[in-house]
Amino acid sequence: MRRSTIRARVALALWIALSAWGCAAEPPAPDRPTWVDDVEPILRGNCFSCHGSTDHRGDGPRFDVYDPTAPAYQGLGPFLEITGAATPGMGGGYLMATKIAIWANRGPTGVALMPPPPATPLSVRDHDVLLKWSRQSPPERGTRASNAKPAVALRGMPRRAGANVEVELVVTDGDHDQVLGRLACGPATGIIRTTGTSKVVIEMAPAGMPLAASVSDGQDRTDNVMLGTCP
Ligand code: HEC
């Protein structure tokens, strides 16, 4: 075999070995994980199918928002069905963050309570992120240097159904943050509960009033988007 061929083969073998090693080694958990950079992506991939806004199954609480009582949502809620991952005040502390870390822990038996089997348990590294995050006081949200503002638009014409008005909305967020908000028909309001397409019902909505939406992604708000007139 020519020397150059052998050298090429050795280089190829080395490259394969190194890339396999690169895949296996997860980056270590950061010392101070934040919700936006570290925690939310892990929960989105493993937990929000049951603990988020879509396909909200069983009795599991909804914690796809850091803290629905935070100032960024002032005047938009109340978002009563959302527990929040780090909402203070529940039992005096940051109870949910601690619960999230405990329930996702594999423990000595190697079996985690969450996500429920047969789902793949969190990696040791991902669990370490949740644990470090939950031990901060408070568990940090963090901010994005260049956050995409949430946007809201009509999907179809608003429809009157008796005393109520039904509105199909499309809510978008460039960073895939969960967006919450409020849709108003004059003094009557309805709650916007999720990013994506959803139907919002405004009860006892007076006809002929301006239809306006305000949305927040927990960091930035888009207020008073005019969407037409209530039918
Ligand atoms: C397949 C659906 C499903 C998935 C996926 C899932 N959960 Fe759950 N979870 C549930 C249900 C249902 C309950 C309520 C049942 C119970 O209390 O035993 C629950 C309960 C919990 C509770 C207890 C809440 C409380 O108020 O005491 C925590 C904490 C939790 N889940 C965390 C997680 C975490 C973290 C993940 C992702 C790593 C996850 N879950 C993934 C369905 C799910």
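This is a short talk on how one protein chain is put together in a predicted model.

I will start with the overall layout. The protein chain has five helices and eight strands. The chain has 231 residues, and 30% of them count as buried. If you take the contacts with a separation of 6 or more, 53% of them are between residues 24 or more positions apart.

Next, confidence. The average pLDDT of the protein chain is 88, and 86% of the residues score at least 70. Residues 14–18 are a stretch where the pLDDT is below 50, and beyond near neighbours in sequence this stretch has zero contacts in the model. Where pLDDT is low, the predicted coordinates should not be read in detail.

Now the helices. Which residues of helix α5 are buried? In α5, residues 124–134, they are Asp126, Val129, Leu130, Trp133 and Ser134. Looking down the axis of α5, these buried residues fall within an arc of 125 degrees, so they line one face of the helix. An α-helix has 3.6 residues a turn, so residues three or four places apart point the same way. The buried residues of α5 pack against α2, residues 35–46, and α4, residues 95–103.

Helix α2 can be read in a similar manner. Its buried residues are Trp35, Val39, Glu40, Ile42 and Leu43. They cover an arc of only 155 degrees around the axis, which puts them on the same side of α2. The packing partners of the buried residues of α2 are α3, residues 48–51, and α5.

How many residues does the largest nonpolar core have? It has 41, and those with the most contacts inside it are Ala85, Ala97, Ile100, Leu130 and Ile192. Helices α2, α4 and α5 each supply at least two residues of this core, and so do strands β3 (164–172), β4 (180–185), β6 (196–202) and β7 (210–216). The core also draws at least three residues from each of two domains, domain 1 (35–134) and domain 2 (151–229).

To look at one member, take Ile192. Leaving out residues up to four places away in sequence, Ile192 touches Leu169, Val171, Leu180, Gly181, Arg182, Leu183, Val200, Ala213 and Val215. Leu130, which was listed among the buried residues of α5, is another of the core residues with the most contacts.

Last, a few backbone details. Where are the cis peptide bonds I want to show? One runs from glycine 77 to proline 78, with omega near 5 degrees, and proline 78 lies in the loop between α3 and α4. Another runs from proline 117 to proline 118, with omega near 10 degrees. Proline 118 is in the loop between α4 and α5.

There are also positive phi values to point out. Histidine 176 has a phi near 65 degrees, a positive value in a residue other than glycine. Histidine 176 is in the loop between β3 and β4, and with 13 other C-beta atoms within 10 Å it is partly exposed. Asparagine 224 is not a glycine either, yet its phi is positive, about 50 degrees. Asparagine 224 lies in a strand, β8, residues 221–229. Is asparagine 224 buried or exposed? It counts as exposed, with 10 C-beta neighbours inside 10 Å.

How values were computed. Residues numbered from 1 in each chain as written. Predicted model: local features only at pLDDT ≥ 70, side-chain atom pairs only at ≥ 80, totals over all residues. Helix = DSSP H or I, 4+ residues; strand = E, 2+ residues; numbered from the N terminus. Buried ≥ 20, exposed ≤ 12 C-beta atoms within 10 Å, placed from the backbone. Contact = placed C-beta atoms within 7 Å. Arc of directions from axis to C-beta. pLDDT = per-residue confidence, 0-100. Core = buried A, V, L, I, M, F, W, Y, C linked by C-beta atoms within 7 Å. Domains from an automatic or database assignment.
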